[in-house]
Structure formats: C-alpha cells, structure tokens
Amino acid sequence: MKRFKIKFILILSITTFFSACEKDFLDVNKNPNQPEQVEAKQLLPTAIAHTAYVMGDEYQIIGGFWSQYWTQGPTGSQYNIYDQYLISNTTFDRAWSDLYADPLMDLKDIIRKTESGNSKYAGIACILQAYIFQVLTDLHGDIPFSEALKAEEGIITPKFDSQSDIYDGLIPLIDKGINYLNTYLGTDIYPQEDDFIYHGDVDLWLKFANTLKLKIYMRQSEVRPGVAQAGITSISSNGIGFLEDGEDAQMFFIDQLFGQNPLYTQIAALGSFNILASNSALNYLINNNDPRIDSYYRRATSGDSAGLHNGINQGQGKEPNFGGPDVVSGWFSKPSFVVVGPESPVVFMSAAESYFLQAEAVARGWMTGDAKALYESGITSSFVHLEKDPAEAVNYYSQSAIDFPTSGTLEDQIKSIITQKWISMNGTESVEAWSEWRRTGFPDFLIVSMASQIGNFFPGILLYPNSEQTLNPNTPPQHNVKDKVWWDVN
Amino acid sequence: MCISGTISAQNRTITGKVIAKDDGMTIPGVSVIIKGSTVGTVTDINGTFSLEVPQSSVILVFSSVGMKSLEYDPGTSSTVEIIMESDVMKLDEVVVTANAIEREKRSLGYAVTSVSNEELTKGRDRSILNSMQGKVPGIQISNGSGSVGSSSRVVIRGGTSFLGNNQPLYVIDGVPMDNASYESGDNLNRQVDAGSRVNDINPQDIESVTVLKGPAAAALYGSRASNGAVMITTKSGKTAKTGGKNAEMTFSSGMTFETPLMLPEFQNTYGQGLFKAPDLRENTSWGAAFTGEILPYGNEVDGIQKTKPYSAIPDNVKDFFDVGHTYTNDLSVSGGGEKSTYYMSLGKLTQNGIMPGTEYKRTTFKISGTTQLSNKFYSSASVYYIKSKGDLSIQGQNTATSPWENIIQTPRDISLVDLKDYNDKYNNLDNFYSPYTTNPWFALNENSYINNVDHLLGNVMLGYKANDWLDINYRIGTDFYDDNREEISAIIAYTPGSNNDEQGAATSPGRYEVTNITSREINSDLMITAKKKLTESLNLRVLVGHNVREKHITGQVATANALVIPGFYNLLNADGPTTSSNFLNINRQYGIYGNIDLSYKNYLFLGITGRNDWSSTLPEKNNSFFYPSVNSSFVFSDAFDLTGKYFSFGKITASYAKVGKAAEPYVLVNTYKQPDITDGYINSQLNFPVQGVAGFTLGNVVSNPDLEPEFTKAFEVGLDLAFINERVGITFNYYDNKSEGQIFTAPFAASTGFGGKTINAGVFTNKGIEALLRLTPIDSKSGFRWNISFSYTKNKSMVEEIYPGLDQISLNIGQSPFSANPGNSFTGGSLVLQEGQPYGALLVTAFERDPNGNVVVDPTTGYPIIASDDIIAGTIQPDYLAGVSNSLSYKNISLGFTFDIRKGGLMFSRTKSTMIFAGTDPITTYNDREPFVIPNSVVQNPDGSYSPNTTPIGDALTYWSGFVSPTPNETLIDASYVKLREVSLTYKVPLRLIHKSPFSAVAISITGRNLWIKTHKDNHYIDPEASSFGNGNAQGFEYGTLPSVKSYGANIRLTF
C-alpha cells in the first residue's frame, strides 16, 4: 500500500515539475536546422551561382531559340512552344521568382550587412543587382524596381516602374557599387574564391561596372539617343576602362554531378534530341567559312550528313513528316560541348561584347577611338574565348564579307558590328543577342519561325509570370508576346 | 430481503435456454430476474439457466449487454426457450469520448459515430481507416492508390485549416498518435506512397472506433483535436470475462486476391506511329489503322528485325498486372479473473501487390492488462508493437522509374508481356523499341523503394478511487516509430553506337538514397473526476485535468546522386560527393482543462468544458490561449413520456465550441537555408558547396514575432428519433464551423524578395448536414432479418476571406507539383484556395471560350486559342457523399454489403493527359483522325462577336497531343463514383455441430472489397479516389497513380 502511495506522489511531482519549469519547457522553438545568421561570404557565391543558373539555362534556351541559333528537333517536343511563340504566363515563372527572391534579395542582404565596414561585398552586390534588373526589364518590360525587395518593410505589392525609370535607376545603383568598391575603410574584407567571377579583383569589378553602364546606355540608342550619348561620353573618360581580353565575366562549372553547367544538365535530363542547330546561324557560319562553327555545333553523327553540319530551318522540325518516318536527331548538328559542355562557363558579359559595344559607340561618334580595331578585337576576343588561334580570327575578318565597312554608312557599320556580336554570342549570351536584335534589327536575315502560331510576327517580350499576376495587383495588363519593350522602337 | 423470504414458501423451478436471434447461438451471462424482485440468476456458459420461482404467475426479465431487454411470461411452463435480439439501435450504448471517458451516448450534446470490430474486419482490409469507408456520415476517407501499403486520409466536416494539418487527431486507448505520411522526396517524378502510421494498426486488435466529429466533441484534447478525433479502443481481457469464461482464444485466418478495379479504356484501331504512318520507334499510337498484316517491328539487332501482326492487343495492359494476394493470420488470447484481465495478440499480414514484385508485410504484437491493485488502486498497461516492411510501387511521371507511365504510353500493338525479359537483346536498353520511354519491366525490376517501420505504442495508467465519488487517474503514453527507407534507381546508359544511343534516349546516372525518420511523442495526463448526486434527480460530474505532451522528430537523409558500379547500391558507390541532410523538430505543449457535466432525471444533460494551452511554437507573449465549449442533450421522449407503439425515442442536441490551434515549430523567425538551385528537371541542379565554397541563401518567409493561435468556432444541432420499436431510426445533424485567424504563409509576389509571411488571417467556413436513416424492413419470426442504413453527408466549404489584397493562395506550397518550366507539357494547373470558392479550387490553363462555352479557335489554323488567364475550373470537393449498408441474416447466415457514393467534384488526371498525348485514348479516334472542324467551335470577329468556325484543324495528332493533352482544363475528370465497397457473407457454425470440439465458436466468411465501380460517363481513365500526393491537403491530383484494386477472399475465425 505504502509503495503505491510513493509512486503516486512521484508522478504528481513530475507533473508539477513540468508546470514549475514552464518557461524552459516551452523554450524549444529556436530552429536547430537552419542558422539565423550567416556572413556575406556565404551569400555572394549563392547569388552569383543562382544568377548563372538562370542566365545559363532557362534564359539561354529561350535566347538561343529566338536568336535562331537553335530550333526544336523533330523527334522531341520539349521546346515546341518557343518555336511556336506560344509561351504562357507560367513559362518563365520560375526564372522570375528565382531571380527576385534569391539572388536579388541575397544581394540586398549582402549590402545591408556590409555597407558599413565590408564594402567590397556591398559594391559587388550593387553591380550584380543592376545587371539582373536590366536582364529582367529587357525581357519583361516594366517590372518592380524602386519598391522591389521590400517585404520586410511592409511593401508587399510593389509598383511596376516604367522601363525608362528603371534604366535611369540602374546607373545610380552601379555608381553606388563603384563608390563602395572605391571606399577603403581599413577593415575591408576582400572576397576570394567565394567570388566565382573575379575572385575579389576590385579593378575587374570596376571595369565590369563600367562596361555594364556602356551596355545600359547603348540599349537606349534608338529610344533616347541623347541620354545614351551623354552617358557614354562620360563613362569613356572616367578612367575605369572597359573589359578586355581575358577579362570575361563568367562562372565556370565542374564535371561532377550537381556541379555542372546548367544547360548541359537540362539536356542530359531531357535527351539531346530537342535542341538542334538552326539554319539561320549555321548557314551564316558555313557561308562565311567561320572556323568557330565546330565550337558552336557538333556535326551530324548519322544519315546522309554524317560527319557534316546539317541544320533545320527555324521551326521546321515539327512540320508533319519532316525528314520522313526514319528521322533521327543524329542527322543534325547539335550545340557543341564547347558552349554547352559540363564545364562550360556561364557568361555574364564577355570581353568580345565589351569591344563590340565600344566599336558601336565610336562608330556613332559617342566615344573616341578606332571602330575597326575595336570591331576586330571583338572578333578576336570571341575566338580566344573559344580557345581558337587568334590568327584564324585575322583570316576570318579579312574576308570581304566580314571586313569592317570603314567607309560605309553608320547603318552598314552597325550591321557589321551587331551581326558579328550576334554570332559571337552563339550559345553563350543568347538573351543579350536577342535584345540587341530587337534594338537594332540585326542580323537582318532571321526568319519568322515556320512553327509560328502568332502569324507573321516575331516575339518581342516575355509575359508577366502567373505568380506575380496573381499576388501583385499592381501587375500591369498582360502583354502579348508580339509586344515590344520600351527601347525597341524599330 | 423480506420479499424473497415470503416467496421461498411454495416454489417451482423453471429451466430454460437463451438463444441469440442473429446467429442462433446460445448466450451466456444473461441476467434473469423475476420482475418486481431482486431474485434472479445468470445463464451459464451453455446459455441455460435454472431458477426457482413462486407458484403464482411471474414475469421473467432477461437482460444482457448489447441485447434488447425482454420480459417473458412463462405461464405454467417449466422449460422455456428465449430468443433475444441484439440491440441494433444502440440508443443507450456507451461510447468512448475524449480522454477515454466512457459516456452514455444519450447524454452527449454532439455527434459521435461508433464502428465495431465486426464492421471493421468484415472486408478484411489491412487498414482500419479504409474499413470505415462508407460507414460514418460526415467523414471523408480516401485511400491514395492501389499500391501496397498506401496511405489513407480522413477529413471530418471539411477540415479547419487553410494549409495546416486537416486530419483529425487519432487517439489509441487514450494516447494520441500521429497519422503522418512522409512522402518520398520527389512527388512529381518518383512518387512513392509510403503509407500512413494509423494504417499500421491491425483491425483485428480493435474493439471499436469512435469518431467525434466536431471540435465540441474533442475540446478536452486541446488544439490538435480541432479537426475532430478518431478514438480507437483496442481489445482487452474483458471480452472473455463478459462471455463468462476465464480465458478465450481466437484464431482467424484469411486470404484475399486482388486485381485492378478499374483500368483505363484504350482505343484498338490505330497502332504505333505518327500522322497515320508507321514509325517503329514511337511510344505513341498515332500510326496507321490496324490491318492484321505481318509487319516488322522494333529495332534491327544483329541484322535481324522481328515481325508480328499489325493488330491491337486489347488486354495488353490488363495482362501486365499480377493477381495480388494477401494472407492474414491472427491469434489472440484474452482472459481475466476477479481482479485482473489480460489480452495478447499476434497478427501477420503478407500482401503481394498487383504491380509485379511489390509487397507489404506487417507483424503486430500486442499485450495489455488491467489490475485492481487494492480496494482503491487500479492500473493498466499496454504495449503494441508493429513491424512493417514494404517493397513499394514507384509512381509519377518519370519514365525511367515509373512502370505505369510507360505502360499507358505503349503502342496498342506492342505486347507488354513480351517485353518482360528486359535482358533480351531486343528488349534491353540499347535496342528497346522506343528511345522515348523505358521498358516498363526494366523500370519495375531495376528500381525499388523499400521502407521498414518499427512502431511502438505504449501506455501505463494508475488510478486511485478515493471513495465512491472521487477518482484520480494518471496516464502516460508514447507513440514511437522508426521509419527506415531505401530508394534505388538504376543507372541507364547505352552502348555507344547502339540503336538508342544514336537516338539520344534519356540517360540516368543512377541514384541511391537512405532515409531514417524517428518520431517520438510522449503524452502525460492527470485527471481528477468527482461525481456527486446533488438531489434525487440532479447528478453532477466534475473533471479537472493536466496534460503535457512533446513531439520530437528527427530525420537523416543521405544520397548518392550518381553511381559508379551498376547494380551495387551503397553510399560508397557514389560517383562524386554524396549529399546528406538532417533535421530535428521539437514541439511541446501543456494545458489544464476542466469539464462539468450535469444531468437531470437522465433526460436533460448539460456539459461545459474549458481548456488553456501553452505552446512552444508561438511567441512567448501569445503562447497561452483559452477555449471553452458547451453542449446539451434533451431526451424529450423520456421527459414527456411520449414513447408508445409508434414512437420509441427522441432526442435533440445542441453544442457550441471554440478551439485554438498553435503553429508548427520554427515559423516565427526567418533563417538562412541551403540554396535550392535547379530548373526542376532530374539531376539538373547545383548543390553547395560549389567548387569547395559553402553557400547559404536568405530564407523566403518574413519573420513574424506577433503570431497568434488560430481559432475555430463550431456550432451544431442534432436530432435523434426512433419509431416502431426502434425499427426505424433517424439521426440528423447540422453544423456550422467557422475558422478565423488562420496561421498560414500568405504568399507574396516574388518581386517583394520573399515568398511570403506567416500570418493570422482568413476566414474559412464549413456548413453541412449529416443524416443517417436506419431501417429494419424485415424482422420475421422465422429469424430472417434485414437491416439497412443510409448515410448522407453534404458539406459546403467556403473560403470566405484570405488576406487583404489577396484572393488566392496555392495549396501546392512546399510541394510545387507543377513546375513552372518551359516545355514541360504538363504545366498550367494548380490547386488553390480562392475567395468565394470551396476549399481546393482547380486553377488551370484552358481553351478560350465564348460566353456560350464554345471553344474559340484561331481563324487561320482552326486550332483552339489558349486563354491568356488560367480559369477556376471547379472544386475538388464533392457535392455529397452517401453510403448504403445492408445486412441480411437468417439464423447462422448473414450477408452484408455496402455501397459508397460520391457525387461531384473534379480532379486532374495525368493518366488521361498521357493517354491523349500517346493516342491510346478512344476519344482520339474521333473522325477517324482526319482533319475536322472542332465541334461547337467559333471564331472571334473584329468587333468582338463570335461566328461559327468553318476552318478544319490541320491534323488530329497536333490537336490532341499539342492542344488537348497539355491543357489541364481538358484533362480534368468528374470524380463521382458509386462503389460496391464491401460484401461479406458469414456462416457461423451452429453450436450443436461443434459442441464436442474444442471450439466455442466457428465462423467462416467470404468477403470482397471494391468489387464494382461506376464512374462518370466521361471518366474511362481512373478510379477517382486516386491521389498522388499522399494524405496531405493537396488532393485532386492523379499524377500517374497506380490503379486501385478490388479484392475478394475467404477467412475463418475460430474461438476456443
């Protein structure tokens, strides 16, 4: 009897013990699985890698189709809607959400963590933000900018700024970054291997910033030539300079699962029969004896063209009975492992692009220099990037069809510059090439996809993502894919 | 005393036997009393009695638990045979309510439904939840698929939470348990239904299940019971005791066979190819019409190509499946004496699924006992151990691992059975006929998902009955399980230069993953109960209690994402670094509660409860919350003495309750996470550390230090009526539940930099009726009896309000079953909460339609125009659920069958989408696949009006596979069904045949489950009960789920 009483009292005291220690007992809500604080050096690599993933994957593919480097293969159907121009409001939802909620927000977090003492990180973060915002507005038109990334401040339905306002806002954002980079606080921590692009080389980041400004101003050449000219004149003399050979802004990958180039992994997941060479680009390379052809495309492996290059007219691959019942993707050229291999870099901005931008600025008279030399440097830089012999570049641009039209009209010169820029961006900076085509109309031999479901029109813009339309009432009325962005006035 | 003295003068003896009407068996333990006296006896083990009665005329009163009391006038007979019938209406039955308190049902002011062991074991399903389907009004039970060991989901009265857990609380012998279902990592591509933990329990060990439907019923359990509670009472030794025996042993053994209940209907007119022309590598049936000619097929291997007749194989898919079979063997021993009882059981179930090679094994072991320690102390203890192992089906859309995905795409002329030897040179990876799919037999045999669960449920209780009015009782219990999983995906590679290498078929680097989840829940309850008779007619019962609980879950996952040596599955075979992660979740809560029950003359009842909880998951300032309830019951038939020849019983009830619910752990503060960098395709991702550099990303949920508990207010009224000697009974309940201040992550547009913020907002209501009509149309003297019951449930759920400025949130949060990828031809659909819509609306991409519902087409091409905005196509909620249960008995034979009916609601079917894509669906043979003008199509005129369309489409293939298949609004199906849920025929061997054997009872049954289904006329694809996403809130999606099964078999039950 007594034994039981003791047990009973024991149990009662256990129960009261819980109540007595109530505060400690309930104090178990600190997340043991995720840290509440990290440092900038753990955020910068994520922001760069995530941006590279979007640029080098989803955007590389749509850019590659709409710049007509690539077209849908007959035996697949993965990217039919790109050739049909039938993209929907969910097609780029992931890319949009990823860029805003991850890299852009992580970069903002870096800035607020480091602006008062670790300013090299803050500087890089501002410049990368500007880079991403430009890509987004070039693709989607008006987007949230001035009120973006402010959920913590209570702004949960950011307004959409006009493209011109965004463009006007990008320059001060880059200047802010340049200021941070140029500020020495004595306690500065320089990024090292956590900066996948320049390993903490501040001078290169400054050049990247200046070249980015050049790109931003140049994009306004048709819609606001005055602004473009004034801007370019000012940055060409600020002493920072522009990216040069060997200074490509790019992130490399390694040939190990979950470390590979993102487009390579998507092709591995979906089969290599979807993305095949488009005749628009392939024929240009063939017709101009371009030795870079095997850097951009793998040759056909079977059929009548085995060992040769063989493309498909843009959008023709899905026409009924195309190639007959035995058609296989091996009959056609495919993106090469130089541009879409497991270790291929994702290029944010190449030195070639820098030279072509400068060449155009000089040609337009907005900058001093030798347009022909810059043009040739651009071509040479592209060869170097692809690990080709620079001497081959000389042979290439010495051909009369490629030779810079020094005595031609401005139109002729721009046509040469942008067409060469377009071919140099094949598979590496496809989105930028598409934007430049929209701005200038070059190359002038792209065709409306034979699979077009929107009639005899080219696409001009990406739609607003479904998630933004649903959750942000400030989202403007949905675009038509035929619509044009602000700076696309031709 | 005095009376018995006078009687003893001149006596006579009456002997007799009591027999049960249901089965003709004798009934031991029946009390026999002379009316108006205390003189009486009890029937012995053979159901016989002998009683001395006065010479004068007497009336004998027979009564027994579960039987209708009976008065009998023996006249001058000295031997009598009494036939007693079971108390079917159970209006005075005792039910188990919150905290295992037994209450008379008549006193409850809220709705409860009980299901007995007999009803649970009739269909021989391994799951007690599946066994309740169609038997309980107000409750929706769905079983994910026909794969072995699959999970079940229960929702009572439509749930209470936007995004939180909407399943009821499960309580086994007073101790809460978890019905969690941890999904495999990838719902879309490699979906595996790894079961839910309540399904571990062996139905044979259950005495009864009681469903407490509203929050009112479960106020005493606190927040977790806000969705109602399912109280499971396991068997104890008292069964033997009430049977008048010291010990009883029962053995039952059964075997059932399983075949697919419903397979899709396929077309048998066109074979392999494209555009009505042959293509020997196609995975689709868009080729020429069948001719029966002998034609070559497949790839040429070593210079030889095989031939076969070019004709359809109508039973191709059916022939792929095995006949599944399940063996169950259960042994139990129970017994007891004056002061103690015990129960032990051992059960073994072995199931081989219809998908060849899949199996599920479950062993259950239970031991429990009760003891009266001294006059005042009593105690009980129970240990229940379950070991289960499953080799489970892999479902989903990935052709490399999902056999079903390959099966439904197979051209109608290619024999699946002939592909079985996947090492054969024509069937292997290199030379398999199609580079676009994988040999289903390879997918089936070379990939697997194995899970091993050790599950322990235990509790100890000690009570002290201080005096006749005060009782103190303490119980501590645990629900503990360890879930170990192993996922194997084979390497897929091709010999360079081989047929499929040339054609760029998809490859896989192989994968091996081990997962270990350990969950432990501890629950401690102290209860003090006082009962007092205040006046002759007024009784008071007061209960106060204290409860502490802790839930502790840990998990570890390690993955080799690529393999070196084919066929060797171990982490050390990883090609490149393995990835691993672990987590720990702790959730604690304690509460105090009280309950006051008043009863007046046993016809008017009032109950009041109150509880205060303190939760670890809320901010300190908001972590204490109180909620009350009140309920009342009035048995007016007794109060006004209305019972008579036609009217037997009448009761009205009403209740109101408020229940609070705390948050999940760790939602208050935003943290940094491992980056999730991927495009959504298999193995297309970037994992940190990248090139030796570690990386984190800011979490996407804005911190909220002000979070509060969410509350549900529930009101219900009920009416219980019985007529004509209780041969007609009606139970009717109406409820109106309103949940406010929902805790959910309000999604923000990505441009805010965040995915959302966990907030309190939103209003969610459920209103509904539940009705149960019970009839006994035939109850003949010959012993033939027919009972029928109709149950009807209509729940109207409504998302009244979400969040200012937000009228829609996605239910797919955290699961994202629909990737936002380009080219993924099955995007464009999601399940959302939409203001003004029922819970779970389908938001889908659709064809543009004019105001009259005609399809708007492109005037130049004749193909449909895809609407620029997604539309709400409807809801996953049914209009109503109904069930019809019949039981017919004649002497020793009884026949029972249950129909389960669901009307309305929509769901997305990937099977339909894939069949249209692959041209195997009969609807794709429309107009002999020649170009046609889309029926009822229109074109839009420049002025906005519409004119009939006259432009035919270019070709049928493009229309069906390019427009219909990838547009989810076109691949929705009506989820209505009528199912013959259960049939059982039981024969109880009459005692006279076995009285010389060691058995006291022998019963043989033939059972069947899901024998027949009727679906909506347009649904020739799948059983609408299918769900790809386990038992979570995201229902209404079938993403390549295995067909459900019908089962039939026989079993025998022996009682010693």
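How many of the nine residues of helix α4 (residues 58–66) of chain A are buried? Nine of the nine are, so helix α4 of chain A is largely enclosed by the rest of the structure. The model shown in these views is predicted.

**Figure 1. Helix α4 of chain A and its buried residues.** The helix covers residues 58–66 of chain A. Buried here stands for under 20% relative accessible area.

**Figure 2. The residue A:Gln68, following α4(A).** The phi angle of A:Gln68 is positive, near 65 degrees.

**Figure 3. Chain A, with 20 helices and eight strands.** The C-alpha trace of chain A spans about 110 × 60 × 45 Å along its principal axes. Chain A has 490 residues, and 63% of them count as buried. Among the contacts in chain A with a separation of 6 or more, 75% are between residues 24 or more positions apart.

**Figure 4. Surface and charged side chains of chain A.** Chain A exposes about 17,000 Å², and carbon and sulfur atoms supply 51% of this area. The chain carries 34 positive and 58 negative side chains. The centres of these two sets lie 9 Å apart.

**Figure 5. Chain B, with 12 helices and 55 strands.** The radius of gyration of chain B is 32 Å, close to the 31 Å that the globule rule gives for 1056 residues, so chain B is as compact as a globular protein of that length. Along its principal axes, the C-alpha trace of chain B spans about 110 × 70 × 65 Å. Of the 1056 residues in chain B, 61% are buried. Residues 24 or more positions apart account for 70% of the contacts in chain B with a separation of 6 or more.

**Figure 6. Surface and charged side chains of chain B.** The accessible surface of chain B comes to about 38,800 Å². Carbon and sulfur atoms account for 56% of that surface. Chain B has 86 positive and 103 negative side chains. The centres of the positive and negative sets in chain B lie 10 Å apart.

How values were computed
Residues numbered from 1 in each chain as written. Chains lettered and ligands numbered in written order. Predicted model: local features only at pLDDT ≥ 70, side-chain atom pairs only at ≥ 80, totals over all residues. Heavy atoms only, no water. Helix = DSSP H or I, 4+ residues; strand = E, 2+ residues; numbered from the N terminus. Rg over C-alpha atoms; globule rule 2.2 N^0.38 Å. Buried < 20%, exposed > 50% of the residue type's maximum accessible area, 1.4 Å probe, protein only. Contact = heavy atoms within 4.5 Å. Areas by Shrake-Rupley, 256 points an atom, 1.4 Å probe, with all protein chains shown as cover. Lys, Arg positive; Asp, Glu negative; His and termini not counted. Charge placed at Lys NZ, Arg CZ, Asp CG, Glu CD.
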